[in-house]
Amino acid sequence: MAETIDPSRRIWIKKAGALLAASSIGPIGAARAQPVGAASRKLLAVTAGSHTSFGPLRRVRAGDLEVAYVEAGPASGKPVLLLHGWPYDIHSYLDVAPALAGAGYRVLIPYLRGYGGTRFLSEATPRNGQQAALAADVSVVR
């Protein structure tokens with residue numbers, strides 16, 4: 001049996017959905033960022049492609065993984081964790097890491113599971129690349 005669709009009802013539902021979405025966003029206006037403490041430091045101007053490599057690759061045991069990562073900036077700096085996504089790797093941050101490090105931040109860029117030098121410590125560990133698993137990996141390293 002064919003069902004008849006009332007087009008006016010469909011239009012009403014679209015308009016109601018758009019109104020609901022707009023009301024949840026709130027008033028739209030110009031936003032002005034306010035510098036706060038270390039965040040107010042000026043970042044160095046960096047020309048895209050001007051950096052071609054990182055420093056030495058380091059490793060840390062984190063739960064079921066041995067995570068390979070690079071680090072830049074002072075050890076006492078406020079930490080910034082840069083996470084890549086598929087299909088990229090840590091080299092996505094070749095230009096931004098020096099700028100953050102130059103501003104005094106401690107920059108940590110790990111290879112996520114399944115990338116680069118990051119390895120599972122046991123063959124029996126299930127392989128999982130879901131976002132929840134990646135979040136758990138990050139929370140292990142404090």
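# Strands, burial and core

User: How many bridges join β2 to strand β5 (residues 119-120)?

Analyst: Strands β2 and β5 run antiparallel, and E66 stands opposite R119 in β5. Two strands pair if DSSP finds at least two bridges between them. The number of bridges that join β2 to β5 is two.

User: What kind of model is this?

Analyst: Residues are numbered from 1 along each chain as its sequence is written, and side-chain values use heavy atoms, with hydrogens and water left out. Local features need pLDDT of at least 70, side-chain atom pairs count only at pLDDT 80 or more, and totals for chains, interfaces and linings use all residues; the model is predicted.

User: In what order do the elements run from the N terminus on?

Analyst: Helices (H or I, at least four residues) and strands (E, at least two) are DSSP runs, numbered from the N terminus. The protein has three helices and five strands. From the N terminus on, their order is α-β-β-β-α-β-β-α.

User: Which residue in the turn between β1 and β2 has a positive phi?

Analyst: Strand β1 (residues 58-62) pairs with strand β2 (residues 65-72) over five bridges, in the antiparallel sense. R58 stands opposite Y69 in β2. The two strands form a hairpin with two residues between them. The turn residue with a positive phi, of about 65°, is G63.

User: Which residue in β4 stands opposite Y69?

Analyst: Strand β2 is also joined to strand β4 (residues 106-110), and the two run antiparallel with four bridges. The residue in β4 that stands opposite Y69 is P110.

User: Is T125 buried or exposed?

Analyst: T125 lies in the loop between β5 and α3. Leaving aside neighbours within four places in sequence, T125 is in contact (heavy atoms within 4.5 Å) with D64 and F120. Buried means under 20% relative accessible area, exposed over 50%, and partly exposed in between (1.4 Å probe, protein chains only). T125 has a relative accessibility of 12%, and therefore T125 counts as buried.

User: Is Q131 buried or exposed?

Analyst: Q131 belongs to helix α3 (residues 131-140). Q131 and G85 are 46 residues apart in sequence, and their C-alpha atoms are 9.9 Å apart in space. The relative accessible area of Q131 is 70%, so Q131 is exposed.

User: Which residue lies over the face of F120?

Analyst: A charge sits over a ring if NZ of Lys or CZ of Arg is within 6 Å of the ring centre and within 35 degrees of the ring normal. At 4.1 Å from the ring centre of F120, the residue over its face is R127.

User: What share of the 142 residues is buried?

Analyst: In soluble globular proteins, nonpolar side chains tend to be buried together. Across the 142 residues of this protein, the buried share is 25%.
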